Amino acid sequence: LKTKMDLTPASSQVTHSQRTKADNSNVNSARPLKEENKTSPKVPSIPTVSSSMTIAQLKEECKVRDGKVKGLSGKNKAWFLDYLVEGTEVESSLEWQKRYDKFNEDLHKYNSICHAHPLADSTALRAPQNLDYGTRSSQRRADCAVCDIEHRSFCQQTAFRSCEKCNFDICKACFELESLPQSERKKVLDAKREALKKKREEKERQFREQMRQIKEQQRLEEQRKDRIRREEKARREKKYKTFLAKFPENVRNPIDRNTNIDKKLKYSVWTSKESDSMYTDPPSKEFNSSYDTIDDANLRVEYVFYYDNKLGVEKDDICAHHDTVCKSTGMRNMDDRDRDWTVSVVPTVAFDYLNLLSYEYHLYEEKDRLYFSKPIRKSQTDFEKEIRHPTLKHKNEKKKLQYTVWTLDSFRGFLCKKFNSSFNSLEQANERAE
């Protein structure tokens, strides 16, 4: 090697340092020229809240940040600067809006055939601007937006994916359904409808079974009560055998002819038991039985009062504070004031008027109803002018007509009846009373 180096001409010998400089110069010459002049692009800065802004600009910034803010007309610039915090970004500026649009564009990353534009997660977007929530509100789009597709019976209503550009929202169930091809979508819809139908039929079957069980329980309860009632009645008849001798068989055990409420006989026996709500709901008068003769009806009154009462007490524990017989009609009335228990008899033609304008509890119907002889009129104009404004002939107290209308009033602590008007026909008198 030394021999070769010695043989090399002096002009062709290059030192190590010279070779290194040459290599570096070649590398530098291979780099592109434009990279030497490359500079980073300038990012537009977002303006901040400062005292140089006008009151109108500060007011607009307040409305953008909080859409529900009120009472800004009387505020000065110092209040606005303190409220907005001087040095914070101006969210009403174009620069801030461009950055927000870029942020929203990054959020819209879910593609689906259900919408033309990419969709975003509804929980990541703020509330729609048409709801006037403002940019600083914590309200999310998923909290207030509803589904725009609304597949009936399947839709969950709450927004799952949204497109802020189109103001479009779709729930999770509709999104999964609408993202399928048309052929598969029809199959899924048919399967879901069939599942809903079966679920509905199962609910109906359970409801019918539940109602059947309730009716069966009611029937068994009625049988139990009826059995207890018969046993109690037999025990009472055995205990008070001497007292019950005077009551005939049709009085103690009325037949269907006597208990038929649709075809009553001449005299009707009724019972009344005042409840705890006697001051709000008048006690009802319930039909018990009916008879052709007043004697049988009066005996039935005594038998029901003592031996067949609804109180569940025996004859020795009940007291008739009033046991009267009307001299003119011969009808009997018995009542126990301590237990609010009353049994009486009235002519059948008058029984239907006992419960007028009071709650009548029908044992033979499925629910209670307000009983009136005629439908109630809703306004004063439904009555005739003569009924609304009686003439002097009807107001003349000295020369009363055939039927008199009176009112009950309190005078110095005493109840007194006052004359109101009189009419020749019963229908007009009833309308005047109403």
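## Helix α3 and its cover

The cover over the buried residues of helix α3 includes α4 (77-84). Helices here are DSSP runs of H or I with at least four residues, strands are E runs of at least two, and both are numbered from the N terminus. Covering rests on contact, meaning heavy atoms within 4.5 Å.

Helix α3 spans residues 55-65, and its buried residues are Leu58, Glu61, Cys62 and Arg65. Viewed down the axis of α3, these buried residues fall within an arc of 100°, so they line one face of the helix. The arc is taken from the directions that run from the helix axis to the C-beta atoms. Buried means under 20% relative accessible area, exposed over 50%, and partly exposed in between, with a 1.4 Å probe and protein chains only.

## Basis of the model

This is a predicted model, in which local features need pLDDT of at least 70, side-chain atom pairs count only at pLDDT 80 or more, and totals for chains, interfaces and linings use all residues. Residues are numbered from 1 along each chain as its sequence is written, and side-chain values use heavy atoms, leaving out hydrogens and water.

## The sheet

An open sheet is formed by three strands in the order β1-β2-β3, with antiparallel pairing. β1 (120-121) and β3 (168-170) stand at the edges with a single partner strand each, so one side of each has no neighbour in the sheet. Strands pair if DSSP finds at least two bridges between them.

β2 covers residues 161-163 and pairs with β1 over two bridges. Asp121 has Arg161 in β2 as its bridge partner.

## Asn258

Asn258 lies in helix α10 (residues 256-259) and counts as buried at 5% relative accessibility. Leaving aside residues up to four places away in sequence, Asn258 touches Leu265, Phe287, Ser289, Ser290 and Tyr291.
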